[in-house]
Every structure is written in C-alpha cells, then in structure tokens.
Amino acid sequence: MSIRNKLRSKLLNVLVSEKTQSARRSLAETRRRIGGQSHVVSAFLELDDPYSYLLACYLPELVAAYDIDLRYYLTQSSSDEAFRPEAELLAVYADEDCARIAGELGVPFLDKGAAPPVEHRRALIDYLAGIHGKPEFGKELLEAITAYWRGDASGVASRVTRGADGRGNELLTENQQRLLEMGHYNTATLHYGGEWYWGVDRLPYLVERLDSLAVRREGARLAKLASIRQVMQVSLPIAPPSAARELPPLELFFAFRSPYSYLGLGRIFAIADAFRLKLVIRPVLPMVMRGMQVPKAKMAYIASDTSREARRHGIPFGQFADPVGTGVERCLAVFYYAESERRERDFVLSAGKAIWANGIDVATDAGMRQVASESALFWPDVLAAMQEDAWRSRVEENRKSCAMQEKGS
C-alpha cells in the first residue's frame with residue numbers, strides 16, 4: 001500500500017469511529033446552544049429527482065413530530081461527473097428503483113399518469129422560485145414535487161398558471177452552491193448538526209438522533225416514520241417457494257474497494273440461500289481504476305454512511321486498508337481461482353473483512369496469505385493465480401454486462 005493510501009486509510013478510520021461521531025455531535029450541540037439557535041434541519045430537494053419525492057412524503061410528519069426548524073432548498077444535484085458518473089444511466093435506474101421503493105412503502109408513484117409532466121418542469125421551477133422566501137414555500141414545494149411524481153399534469157398546470165418571476169435557474173444555482181459549501185453534492189438529502197442523511201431509508205438515523213436530543217413533541221405520532229424501518233426489515237421464507245425454481249440466477253456486481261459491496265454480502269447470501277438461487281458474483285474494477293475520480297466530499301459521506309449501516313447490522317467495520325491499485329488487482333486474480341474451487345463466497349467475505357474491518361493490506365503477501373487461509377485456499381495456487389492476467393478480460397465483460405443491464409438491453 002502506498003504512503004498516500006495508508007494516510008487516507010488512517011484518516012478515514014478516525015473519521016468514521018463511533019467515538020469521533022459522538023464527539024462531533026456533542027460539539028455541534030454545544031455550538032448550537034451557545035449560539036442560541038434552534039434545531040435546524042436543512043432539506044435539499046430536486047423537482048425531477050424521484051428520491052427527493054419519496055423523502056418529501058415524510059417531511060410533514062417529521063416537522064409535526066419534532067421541535068425543529070425545517071428549511072427547504074429547491075436545488076439540483078451537481079453536474080460534475082466525478083459526483084455523478086453515468087448520469088443518464090443513473091436517471092433511468094432512479095426511476096425504476098424509486099418505483100419499487102414506493103411500492104414497498106405504500107407511497108403513490110405515477111398513479112395519475114404514465115410519466116412526470118416534464119413539459120411543465122421549467123415553469124414549475126420558476127413558479128416555486130417566485131414564492132421562495134414566503135411562508136407558503138415549503139408547503140408548495142412538497143405539493144409540487146408530489147404532483148410531479150404522481151404524474152398529475154393538471155395539478156402541475158394549475159400551479160404554473162399562477163405566474164412566476166423566471167428566476168428558477170438562479171435559485172437552483174444558489175442552492176446548489178449552498179449544498180456544496182455545506183459539504184454534500186446530492187439531492188434528497190437532509191443535514192443536521194454536521195451530519196448528512198441521503199434518501200428516505202436514512203431518515204430513521206435522523207429520527208434517532210432527534211430522539212436522543214429529546215425534541216420530540218409531546219403526544220407526537222410517528223406512524224409513517226416508523227413504517228420506514230419496518231419496510232426495511234427483510235423477511236425471508238423458511239422454505240423456498242415453489243415458484244423460486246423458475247427464477248434466474250442472482251447476479252452480484254461486486255467491487256473490492258466498495259464498502260457497500262462488503263456490507264451487502266451477508267444479506268445477499270441469505271437471500272440467495274432462502275430461495276435456493278444460484279448466486280453469480282461478478283467483480284468489477286472500482287471507479288478510480290477506470291479513470292474516474294471520487295471527490296473528498298463523496299468519499300467522506302460514503303465512509304460516514306457505511307459506518308452507520310455497519311453498526312446497525314452488527315457487521316465488523318471501521319479499520320480500513322485501501323486496496324486501490326495492486327490490492328484490488330490481486331483480489332480480482334485470486335477471486336477467479338477461488339471461484340474454480342467453489343470458494344468465491346468465502347474469499348469475497350474474507351477479503352472484505354480484511355480490507356474494511358481489520359486493516360489488512362491485501363497488496364502484500366502477508367495480507368493476502370491471511371485472507372487465503374481464512375478462505376481455505378491453497379497458498380501456492382494463490383501465488384500462481386496472482387501471476388495470471390486472464391482476469392482482466394472477465395472483469396471488463398462484467399463491466400459491459402452491468403452497463404447493458406442498466407440500459408435495459
């Protein structure tokens with residue numbers, strides 16, 4: 001591991017520790033009290049972002065249940081490719097993903113039309129910009145996003161005919177700059193006291209934090225907010241349903257440098273086993289090894305978010321050893337040897353723990369030997385596998401296959 005990677009790993013280890021999180025939260029609350037400020041929660045929403053819509057559905061109950069100052073910002077995600085690679089594919093996936101999530105949450109999604117009324121998008125943004133700063137802005141923003149993503153063309157049209165001042169672009173730019181200055185890059189995000197929460201499934205973390213500060217209003221009802229965690233609990237069958245016999249293999253596109261890939265392994269294995277699905281693990285190169293950059297703000301959020309998720313699921317996590325470069329290449333080479341021995345599950349899990357929980361440098365023989373031993377792999381064969389180069393073409397095939405599936409091919 002290079003000196004740069006070692007320093008980055010050590011810094012992230014400190015940033016994501018529970019001790020550091022507690023200290024940062026205490027400092028934020030101390031500053032808030034000294035400044036005589038209220039509990040300010042900032043919500044950054046984008047009109048044509050379906051994740052913003054799903055989050056918006058729960059904000060009225062949040063502000064009704066907690067003594068907070070909820071501030072709404074209509075904005076747009078950063079257009080920088082470093083923050084949002086393959087933006088067009090992401091947009092297609094977001095629509096499909098949110099349709100599935102909405103179904104699970106019981107939230108109406110495009111129930112009044114087959115698609116959002118995109119022809120009114122600009123006029124609707126201008127209308128909202130025209131009432132920005134007025135008392136009704138927050139309510140109108142939530143209602144406008146809701147109408148847009150329910151496919152309610154008449155509801156949207158009724159708003160755009162009320163007049164606008166044409167400063168929509170100016171408002172989006174101002175709030176996008178505010179978002180970046182505060183340390184994030186994405187919409188459908190909430191910020192409180194130095195921490196970010198992206199998407200409706202991270203809203204429970206904010207609720208837990210507000211509860212710890214005792215700012216819930218007396219007698220507040222949290223039925224909708226509580227339902228989020230309930231929906232997130234996966235219930236697997238005791239025995240595979242008969243229809244599962246007809247299901248295709250479950251494919252996992254896996255990156256050794258992705259903490260999300262590692263955190264998802266246990267649950268993916270459980271799903272595959274519960275339905276007796278063939279699990280096909282298809283490793284890919286991380287973005288930085290495909291010529292893309294990961295900005296510091298994005299890396300910091302990923303580290304913070306995955307540490308929260310790891311603690312919630314009881315997954316070992318927190319001592320990182322960045323495998324980028326040689327470490328990733330060695331893991332990819334050994335993976336295909338492990339696959340030939342039917343030990344691919346053991347290997348990806350052992351490698352993941354080494355990289356994300358135990359701070360083991362898989363770029364070294366000592367580190368890889370430990371992973372190989374835990375995976376029941378024969379070390380001389382591991383050494384031989386790391387000299388091979390055939391994995392490169394297979395990993396490239398995986399990347400192309402993933403891109404084609406995202407495009408719906």
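The legends below describe close-up views of a predicted model.

**View 1. The largest nonpolar core and the surroundings of leucine 62.**
The largest nonpolar core has 57 residues, and Leu59, Leu62 and Tyr66 touch the most other members. Helix α7, residues 137-149, supplies the largest share of this core, with eight residues. A second, separate core holds 46 residues, among them Phe347, Val371, Trp379 and Ala385. Beyond its neighbours within four places in sequence, leucine 62 is in contact with Ile68, Leu203, Leu206, Val207, Leu210 and Leu225. In soluble globular proteins, nonpolar side chains tend to be buried together.

**View 2. Leucine 222 in the loop between α10 and α11.**
Leucine 222 belongs to the loop that lies between α10 (203-212) and α11 (223-232). With a relative accessible area of 15%, leucine 222 falls under the 20% limit and is therefore buried. Not counting residues up to four places away in sequence, leucine 222 touches Glu61, Ala65, Tyr66 and Arg216. Tyr66 is also one of the residues that touch the most other members of the largest nonpolar core. Valine 207 is 15 residues from leucine 222 along the chain, and the C-alpha atoms of the two are separated by 9.8 Å.

**View 3. Helix α7, largely enclosed.**
The 13 residues of α7 should span 18 Å at 1.5 Å a residue, and the end C-alpha atoms are 18 Å apart, which agrees. Ten of the 13 residues are buried, so α7 is largely enclosed by the rest of the structure. The buried residues are Phe137, Gly138, Glu140, Leu141, Leu142, Ala144, Ile145, Ala147, Tyr148 and Trp149. Glycine 151, which follows α7, has a positive phi, near 70°.

Helix α2 covers residues 18-34, 17 residues in total. From the first C-alpha to the last, α2 reaches 24 Å, close to the 24 Å expected at 1.5 Å a residue. Thr20, Gln21, Ala28, Glu29 and Arg32 are buried in α2. Seen down the helix axis, the buried residues of α2 fall within an arc of 165°, so they line one face of the helix. An α-helix has 3.6 residues a turn, so residues three or four places apart point the same way. The exposed residues Lys19, Arg33 and Ile34 are carried on the face of α2 turned away from its buried side.

**View 4. The open sheet of four strands.**
The strands of this open sheet follow the order β2-β1-β3-β4, and their pairing is mixed. The edges are β2 (69-74) and β4 (195-198); each has a single partner strand, so one side of each is left without a neighbour in the sheet. On average, neighbouring strands of the sheet are turned by 20° against each other, direction ignored. Three bridges join β1 (residues 40-45) to β3 (residues 189-192) in the antiparallel sense. Serine 42 has histidine 191 in β3 as its bridge partner.

**View 5. The hairpin of β3 and β4.**
β3 and β4 run antiparallel and are joined by four bridges. Opposite tyrosine 192 stands glutamate 195 in β4. The hairpin has two residues between the strands, and glycine 193 takes a positive phi near 50° there.

**View 6. Asparagine 175 in helix α9.**
Asparagine 175 is part of helix α9, residues 168-182. The relative accessible area of asparagine 175 is 3%, and the residue is buried. Apart from neighbours within four places in sequence, asparagine 175 is in contact with Phe44, Tyr73, Leu74 and Thr75. Strand β2, at an edge of the sheet, comprises residues 69-74.

**View 7. Two loop residues with a positive phi.**
Most residues other than glycine have a negative phi. Leucine 110 is not a glycine, yet its phi is positive, about 50°. This leucine lies in the loop between α5 (87-105) and α6 (121-130). At a relative accessible area of 23%, leucine 110 is partly exposed. Arginine 342, also not a glycine, has a positive phi of about 60°. Its place is in the loop between α14 (326-340) and α15 (344-356). Arginine 342 counts as exposed, at 77% relative accessibility.

Definitions and conventions:
Residues numbered from 1 in each chain as written. Predicted model: local features only at pLDDT ≥ 70, side-chain atom pairs only at ≥ 80, totals over all residues. Heavy atoms only, no water. Core = buried A, V, L, I, M, F, W, Y, C linked by side-chain atoms within 4.5 Å. Buried < 20%, exposed > 50% of the residue type's maximum accessible area, 1.4 Å probe, protein only. Contact = heavy atoms within 4.5 Å. Pairing = 2+ DSSP bridges. Axes fitted to C-alpha atoms, helices over the stretch in contact; angles between N-to-C directions. Expected span 1.5 Å × (residues − 1). Arc of directions from axis to C-beta.
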